[in-house]
Amino acid sequence: MLIKRVFAAFAALMITLASCSASALSAPARDDIATEKIVFNNPDFIRGMDVSSVLSLESSGVSFKNAEGKTEDIFKLLSDSGVNYIRVRVWNDPYDSEKNGYGGGNSDVAKAARIGRRAAENGMKLLVDFHYSDFWADPSKQKAPKAWEGLSLSEKAVKLSEFTKSSLTEIKNAGADIGMVQIGNETNNGIAGESGFDSMAVLFGAGARAVREFDGSALVALHFTDPENADAMKWIADTLAEKKVDYDVFASSYYPYWHGSLDNLTDVFSYISDTYGKYTMVAETSYAYSLDDFDGHGNTVSRWNNSSGENLLWSFTPQGQANEVESVMKAVNSVGEKGLGVFYWEGAWITVGDVSGLSGDEYNKKLAENKSLWESFGSGWASSFSVEYDPDDAGVYCGGSAVDNQAFFDKNGQALPSLNVFKNVLTGSLCEDVLSGDADGSNEVNINDATLIQLALINRAELGADALLRADVDRDLDVDINDATLIQRYLARYNDGFGINTKR
Ligand code: CA
């Protein structure tokens with residue numbers, strides 16, 4: 001009997017591979033991502049999201065939809081889903097001499113102001129993330145803005161202070177509720193073209209003073225990365241104290257692909273909060289809900305890149321994505337009252353045009369359309385115009401989104417069920433009474449379910465709405481061959497963590 005059924009499944013798979021029928025059936029959205037309740041030690045725990053590219057995406061024709069497919073303002077969607085804080089980066093002048101944008105959202109002060117206003121209209125505070133550069137600043141580059149080239153350290157400190165104050169004033173006057181200001185982005189090795197903590201401390205101090213003078217209640221954050229190197233992180237905190245740098249929040253990026261264990265993160269943060277009384281916070285994290293690419297620009301996390309490792313404890317599904325966010329929040333909460341919160345990085349940076357499933361001329365045509373949108377509206381990570389400012393990196397490798405598979409919206413802009421993690425952590429959420437994988441509704445998951453899915457994909461069986469819900473094992477809102485494969489792997493005792501047995 002068993003052999004017959006396996007053979008049937010095998011035969012169906014062969015038919016599927018040999019035919020050109022529907023590769024996927026749309027499955028209904030489910031909001032039953034399982035989330036544990038977190039009792040936050042800090043009542044104002046930040047459940048934040050960076051959406052710095054969102055205006056460029058909207059200009060490129062992208063719209064965002066709720067789980068039922070209805071178009072809504074993304075800021076309302078985020079707020080309704082429990083996000084309480086928006087983070088936005090600011091570049092001084094991300095334009096070339098012809099006023100063409102460098103890309104990455106062309107994230108200037110005016111855009112931050114518009115994003116801040118929309119966040120405030122939906123009840124969310126704003127973290128302004130100054131890079132003090134005209135384009136991406138991270139541990140490998142901290143290039144001064146064009147206008148500051150050749151200035152001395154003290155002249156730069158004056159410019160940095162003026163820019164901070166004037167930008168914050170413009171953003172506030174637009175209606176934003178500025179709760180926190182970041183003096184630099186991932187400044188382990190420098191800031192605004194200066195390196196060495198003696199010089200960096202001068203610029204941190206100038207930024208902090210500008211924020212204090214602008215609004216005494218806004219928190220001053222400094223941002224570093226590579227927390228897996230615990231000694232280096234502690235050394236930074238010790239050095240900041242030694243140089244008497246004024247700040248409130250020690251923030252770090254935490255990408256589980258590269259940044260060590262969550263226990264280590266908690267240990268590092270606890271040392272800093274306990275020793276120096278500073279808040280600690282994750283300023284950036286993210287996790288892939290899929291290993292596919294949708295825009296024709298390779299992703300930082302794909303089947304071939306960064307998709308395995310000892311710290312990747314979660315499946316690459318919406319459920320896994322939600323669990324990652326929940327786990328990072330728990331790790332920061334374990335610090336205690338000084339564990340301030342978590343921001344997800346660019347949870348809305350989806351594709352401007354779907355290339356998945358296309359090939360040959362069709363693929364090339366769509367990719368050319370996408371490239372044109374990235375160039376025109378800055379909706380890719382870098383445009384070719386950035387070559388003037390960053391000739392070695394962005395100018396050469398320019399293109400689209402490397403994180404469209406890490407957003408909380410699918411390739412069509414529809415909210416994934418994982419978005420609800422931001423509110424579900426407040427109450428906890430149980431799965432609905434749905435047995436994932438039980439496509440035929442027999443109350444158990446067996447090979448018949450995989451076979452039924454395969455038959456449905458070649459139009460030899462029909463799945464009703466309830467069946468589609470149960471058959472969408474990886475919860476990516478499609479029923480496709482991956483779901484059948486997951487059932488087969490589950491039956492073969494592979495542990496993908498897809499929660500087939502999560503009926504509660
Ligand atoms: Ca991509």
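## Helix α8

Helix α8 covers residues 262-276, 15 residues in all. From its first C-alpha to its last it reaches 21 Å, close to the 21 Å expected at 1.5 Å a residue. The model behind these values is predicted.

Which residues of α8 are buried? They are L262, N264, L265, T266, V268, F269, S270, I272 and S273. The cover over these buried residues includes helices α7 and α9 (318-333), along with strands β7 and β8 (279-285). Just after α8 comes G277, with a positive phi of about 70°.

## The barrel

Eight strands close into a barrel. Their order is β2-β3-β4-β5-β6-β7-β8-β9, and the pairing is parallel. From one strand to the next, the twist averages 25°. Strands of a sheet pair through backbone hydrogen bonds, either parallel or antiparallel.

One pairing can be followed in detail. Strand β2 (residues 46-50) runs parallel to strand β3 (residues 85-90), and three bridges join them. Here G48 of the chain stands opposite Y85 in β3.

## Helices on the sheet

Helix α6 spans residues 197-214 and lies across two strands, β5 (178-183) and β6 (219-224). Its direction runs at about 165° to β5. Helix α7 (residues 230-242) also packs on the sheet. It touches β6 and β7 (249-253), and its direction makes about 155° with that of β7. Helix α7 is also part of the cover over the buried residues of α8.

Most residues other than glycine have a negative phi. N106 has a phi near 40°, a positive value in a residue other than glycine. N106 is found in the loop between β3 and α4 (109-121). Its relative accessible area is 7%, so N106 counts as buried.

A192 has a phi near 50°, again positive in a residue other than glycine. This residue lies in the loop between β5 and α6. Is A192 buried or exposed? Its relative accessibility is 0%, so A192 is buried.

## The calcium site

Which protein atoms are donors of the calcium ion? They are D293 (OD), D295 (OD), H297 (O), N299 (OD1), S401 (O) and D404 (OD). These donors lie 2.2 to 2.4 Å from the ion. The six donor atoms subtend angles of 74 to 176° around the calcium ion, so the arrangement is octahedral.

In sequence, the donor residues are spaced D-x1-D-x1-H-x1-N-x101-S-x2-D. D293 sits in the loop between β8 and α9, while D404 sits in the loop between α11 (394-397) and α12 (421-427). The pair therefore ties together parts that are 111 residues apart in sequence. D293 is partly exposed, with a relative accessible area of 25%. D404 is buried, with a relative accessible area of 1%.

## T35 and its contacts

T35 is found in the loop between β1 (24-26) and β2. With a relative accessible area of 4%, T35 is buried. What does T35 touch, not counting residues up to four places away in sequence? Its contacts are E326, V421, N424, V425, G428 and S429.

Conventions: Residues are numbered from 1 along each chain as its sequence is written. This is a predicted model: local features need pLDDT of at least 70, side-chain atom pairs count only at pLDDT 80 or more; totals for chains, interfaces and linings use all residues. Side-chain values use heavy atoms; hydrogens and water are left out. Two strands pair if DSSP finds at least two bridges between them. Helices (H or I, at least four residues) and strands (E, at least two) are DSSP runs, numbered from the N terminus. Axes are lines fitted to C-alpha atoms, for helices over the stretch in contact, and angles run from 0 to 180 degrees between N-to-C directions. Contact means heavy atoms within 4.5 Å. Buried means under 20% relative accessible area, exposed over 50%, partly exposed in between (1.4 Å probe, protein chains only). The expected span of a helix is 1.5 Å times one less than its number of residues. Donors are N, O and S atoms within 2.8 Å of the metal (3.2 Å for Na, K and Ca); water is not among the atoms, so sites may look incomplete. Four donors count as tetrahedral if all angles lie between 85 and 135 degrees; four count as square planar and six as octahedral if opposite donors are over 155 degrees apart and all others between 65 and 115; anything else is irregular.
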